[in-house]
Amino acid sequence: MDDLQYHFDLNVLVSKEYIAFTIFIALIICNFICLKLDVKQKLINIFLIGYMYIVFSMTVLMRIDKEPQNTARLIPFFTLINYCRFGSTITFWLGMLNILMFVPIGILLDKRKLIYNSGKRYLIICSAIISFSISIEALQYYLRAGVCEFDDVLMNIIGGLLGIFLNIILDKKKHFLIKCLVKG
């Protein structure tokens, strides 16, 4: 057994990164095998799962053991108040990055168009954005991987909604251009 441990680090198989990456690969395989979608929808799912994995890695996995904090800042608009009071540009840009980080998630979730009833679809999309954002903040708190902030959830939701609206506008412009090209 010592020889086996000497050649292979078996702790890698139970590391947080390995488990998260395994789940990511399983979701992609499930996407191809289980879901009866066209190729475009499967590619959108892969980009969505991949991007969500990157966001999860950057906000939780990469911070474990580096920033051991078990802090929760649940004061609404703390970031905005801090920016206005002290003029902290770092605080401002961190808020903007939280918004920008979730714009692609809003776009990709809206592109999926699995449910054609727009009211129900947008309710499901918003629920997914809120759930993903809250799970990131809860895991940051639980794993001591950063500060769990209410403002981060708000900024992430704003970014996801911005992505949805951006996708709606781009879809309308695309349809308008197609009509113009067809009319000639």
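D110 is buried, with a relative accessible area of 0%, where buried denotes under 20% relative accessible area, exposed over 50% and partly exposed the range in between (1.4 Å probe, protein chains only). The side chain of D110 meets that of R121 in a salt bridge with an N to O distance of 3.5 Å; a salt bridge is taken as a side-chain nitrogen of Lys or Arg within 4 Å of a carboxyl oxygen of Asp or Glu. R121 also counts as buried, at 9% relative accessibility. Since R121 lies in helix α6 and D110 in helix α5, the pair ties together parts that are 11 residues apart in sequence. Helices (H or I, at least four residues) and strands (E, at least two) are DSSP runs numbered from the N terminus.

The structure is a predicted model, in which local features need pLDDT of at least 70 and side-chain atom pairs count only at pLDDT 80 or more, whereas totals for chains, interfaces and linings use all residues. Residues are numbered from 1 along each chain as its sequence is written, and side-chain values use heavy atoms, with hydrogens and water left out.

By the rule stated above, the count comes to three salt bridges. Another of them joins K111 and D171, again by their side chains (3.5 Å, N to O). This pair links distant parts of the chain, with K111 in helix α5 and D171 in helix α7, 60 residues apart. K111 is partly exposed at a relative accessible area of 30%, while D171 is buried at 14%. A further salt bridge is formed by E149 and R73, whose closest N and O atoms are 3.2 Å apart. Here E149 belongs to strand β2 and R73 to strand β1, so the pair ties together parts that are 76 residues apart in sequence. E149 is buried, with a relative accessible area of 15%, and R73 is partly exposed, with 29%.

The protein chain as a whole contains seven helices and two strands. From the N terminus on, the order of elements is α-α-α-β-α-α-α-β-α. Of the 184 residues in the protein chain, 30% are buried.

The largest pocket has a volume of about 600 Å³, a volume being the space filled by probe spheres set on the points. Helix α5 supplies the largest share, six residues. By class, the lining has 11 nonpolar, 10 polar and seven charged residues; Ala, Val, Leu, Ile, Met, Phe, Trp, Tyr, Cys and Pro count as nonpolar, Asp, Glu, Lys and Arg as charged, and the others, Gly among them, as polar.

I29 is found in helix α2 (residues 16–33) and is partly exposed, with a relative accessible area of 45%.

Terms used:
1 Å grid on protein atoms, 1.4 Å probe; cavity = no way out; pocket = protein on both sides within 12 Å on 5 of 7 lines; lining within 4 Å.
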